[in-house]
Amino acid sequence: MKTNSDEKKENTSENEKPVVSSGQNIAIIIGTILFPVIGVAMGYTFYKKDNPAAKKVGRNWLILGIIMFIVNIFIVSIMK
């Protein structure tokens with residue numbers, strides 16, 4: 001049976017620090033738009049973690065990286 005102090009410890013450890021800060025998230029998104037390999041690498045790294053929040057962020061970065069690769073290939077093929 002969990003006591004109130006056990007529940008408070010669990011909540012504070014979960015709410016203490018987010019897995020990815022908003023600044024880091026924005027930086028990775030901008031970096032992915034400029035260089036898609038950043039999103040693929042960071043997305044894969046975070047997607048392998050056990051934390052569900054890290055998996056969600058990693059999946060988003062991975063998808064954005066793949067989309068930006070396709071967009072870059074499309075733009076380069078149009079320019080020829």
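pLDDT is the predictor's confidence in each residue, from 0 to 100. This is a predicted model, in which local features need pLDDT of at least 70, side-chain atom pairs count only at pLDDT 80 or more, and totals for chains, interfaces and linings use all residues. Residues are numbered from 1 along each chain as its sequence is written, and side-chain values use heavy atoms, with hydrogens and water left out.

**View 1. The protein chain and its confidence.** The mean pLDDT of the protein chain is 87, and 81% of its residues reach 70 or more. The chain holds 4 helices and 0 strands, in the order α-α-α-α along the sequence. Helices (H or I, at least four residues) and strands (E, at least two) are DSSP runs, numbered from the N terminus. Of the 80 residues, 18% are buried (buried means under 20% relative accessible area, exposed over 50%, partly exposed in between; 1.4 Å probe, protein chains only).

**View 2. Residues 7-13.** Over residues 7-13 pLDDT stays under 50, and the model has 2 contacts for them beyond four places in sequence. Contact means heavy atoms within 4.5 Å. Where pLDDT is low, the predicted coordinates should not be read in detail.

**View 3. Helices α2 and α4.** Two packed helices are described by the angle between their axes and the distance between the axes. Axes are lines fitted to C-alpha atoms, for helices over the stretch in contact, and angles run from 0 to 180 degrees between N-to-C directions. The axes of α2 (residues 22-34) and α4 (residues 52-79) come within 9 Å and cross at roughly 20 degrees. The two helices are therefore roughly parallel (angles under 35 degrees count as roughly parallel, over 145 as roughly antiparallel, 65 to 115 as roughly perpendicular and the rest as oblique). From α2, Q24, N25, I28, I29, T32 and I33 meet W61, L64, G65 and M68 of α4. This contact of α2 with α4 has 6 nonpolar, 4 polar and no charged residues (Ala, Val, Leu, Ile, Met, Phe, Trp, Tyr, Cys and Pro count as nonpolar, Asp, Glu, Lys and Arg as charged, and the others, Gly among them, as polar).

**View 4. Helices α2 and α3.** The axes of α2 and α3 (residues 36-47) come within 5 Å and cross at roughly 135 degrees. The pair is therefore oblique. Q24, I28, G31, T32 and L34 of α2 make the contact with P36, I38, G39, M42 and F46 of α3.

**View 5. I28 in helix α2.** I28 lies in α2 and is buried, with a relative accessible area of 11%. Not counting residues up to four places away in sequence, I28 touches I38, M42 and W61. I28 and W61 are 33 residues apart in sequence and 7.6 Å apart in space, C-alpha to C-alpha.
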